[in-house]
Amino acid sequence: MEPGSVENLSIVYRSHDFLVVNKHWDLRIDSKTWRETLTLQKQLRHRFPELADPGTCYGFRFCHQLDFSTSGALCVALNKAAAGSAYRCFKERRVTKAYLALLRGHIQESRVTISHAIGRNSTEGRAHTMCIEGTQGCENPKPSLTELVVLEHGLYAGDPVSKVLLKPLTGRTHQLRVHCSALGHPVVGDLTYGEPSGREDRPFRMMLHAFYLRIPTDGECVEACTPDPFLPSMDACWSPHTLLQPLDQLVQALRATPDPDPEDGAPGPGSPSALLPGPGRPLPPPTKPPETETQRASCLQWLSEWTLEPDS
């Protein structure tokens with residue numbers, strides 16, 4: 001996947017109501033700053049000028065967010081009704097996301113559930129960053145949950161790394177990057193949460209990619225699986241040597257997992273019972289009491305964080 005330009009926008013899903021693009025790394029979704037020469041907004045206007053809606057702030061309705069440094073699947077609603085249906089899916093926690101990443105070190109466990117609460121870092125010099133509960137300066141930490149599956153061990157530029165699949169079960173700002181760093185295996189190329197001493201300056205990008213996305217709206221199931229960017233043929237610095245879990249099997253598991261029906265109280269992707277299925281881990285039956293007002297308020301707060309802030 002070559003660096004982004006205004007012409008090379010990649011579309012992985014298109015219907016009358018939605019687009020899913022494969023966003024480039026180091027690309028902002030939108031910006032009103034004149035210094036931003038390239039944004040996803042500008043790529044969309046160049047490719048689909050007829051789809052731009054003058055009634056919106058940026059011309060397009062982005063259903064969620066990705067970090068500037070993160071590549072991968074991002075959904076765009078093409079009309080107000082479609083945006084509303086996607087909103088309800090996020091609100092009801094029925095959206096499924098999975099990411100690919102290269103992490104520093106060889107992770108010995110095949111699967112890890114990371115549950116550190118995440119809050120804002122108020123330490124001087126760390127503005128706009130996040131940290132786990134217990135870190136000095138951590139403000140208002142909130143429960144956060146990530147499922148990690150190790151796919152391969154190998155070397156990146158001679159250093160040991162693990163290729164993993166990450167499934168965020170909550171949507172905190174920088175959640176995946178903070179959780180991987182807290183695990184002791186930061187994302188390769190992460191200048192904010194990665195290893196010190198300038199080591200992360202060498203990779204040409206941050207190795208985090210939004211790989212899979214499913215939004216089961218009432219009108220259609222928006223489902224997209226983007227190409228894997230972390231292959232030796234794409235990056236000669238990456239040299240895998242041990243396969244632990246075939247990626248195609250996990251994709252099949254993601255696709256086969258039924259979407260919860262919000263009316264029957266089934267758990268959504270943000271609940272611990274919706275972890276990636278695997279040997280010895282059958283999905284439990286959907287049992288959940290009626291939603292309380294407190295739970296509803298918590299869900300709305302979760303939704304505002306997921307849709308307005310980067311989640312990786």
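Predicted model: local features only at pLDDT ≥ 70, side-chain atom pairs only at ≥ 80, totals over all residues.
When residues are sorted by class, Ala, Val, Leu, Ile, Met, Phe, Trp, Tyr, Cys and Pro count as nonpolar, Asp, Glu, Lys and Arg as charged, and the others, Gly among them, as polar.

A search of the whole structure turns up three cavities of 30 Å³ or more. The largest cavity has a volume of about 40 Å³. Its lining is made by Arg104, Tyr156, Ala157, Asp159, Arg199, Arg202 and Pro203. Sorted by class, that lining holds three nonpolar and four charged residues, with no polar ones.

Now let us step back to the chain as a whole. The protein chain has five helices and 14 strands. Of its 312 residues, 51% count as buried. The accessible surface comes to about 14400 Å², and carbon and sulfur atoms account for 52% of that. As for contacts between residues at least 6 apart in sequence, 67% of them join residues at least 24 apart.

One link across the sequence is worth a visit. The whole structure contains one aromatic pair. The rings of Trp25 and Phe204 have their centres 5.5 Å apart and their planes at 75°; since planes over 60 degrees apart count as edge-to-face, that is the class of this pair. The two partners are 179 residues apart and belong to distant parts of the chain: Trp25 is in the loop between strand 2 (18–23) and helix 1 (40–47), while Phe204 is in the loop between helix 3 and strand 12 (208–216). Trp25 has a relative accessible area of 9%, so it is buried. Phe204, with 45%, is partly exposed.

The loop that holds Phe204 leads us back to helix 3. This helix spans residues 175–182 and is mostly covered, with six of its eight residues buried. Those six are Gln175, Leu176, Arg177, Val178, His179 and Cys180. After the helix comes Gly184, whose phi is positive, near 90°.

Gly119 lies in strand 7, which covers residues 118–121. Its relative accessible area is 2%, and because buried means under 20%, Gly119 belongs to that class. Which residues surround it, leaving aside its neighbours within four places in sequence? Gly119 is in contact with Met130, Cys131, Cys138, Glu139, Asn140 and Pro141. Gly134 is 15 residues away from Gly119 in sequence, and their C-alpha atoms are 9.7 Å apart in space.

How values were computed
Residues numbered from 1 in each chain as written. Heavy atoms only, no water. 1 Å grid on protein atoms, 1.4 Å probe; cavity = no way out; pocket = protein on both sides within 12 Å on 5 of 7 lines; lining within 4 Å. Points joined across faces, edges and corners; volume = space filled by probe spheres on them. Helix = DSSP H or I, 4+ residues; strand = E, 2+ residues; numbered from the N terminus. Buried < 20%, exposed > 50% of the residue type's maximum accessible area, 1.4 Å probe, protein only. Contact = heavy atoms within 4.5 Å. Areas by Shrake-Rupley, 256 points an atom, 1.4 Å probe, with all protein chains shown as cover. Phe/Tyr/Trp six-rings, centres within 6.5 Å; stacked < 30°, edge-to-face > 60°.
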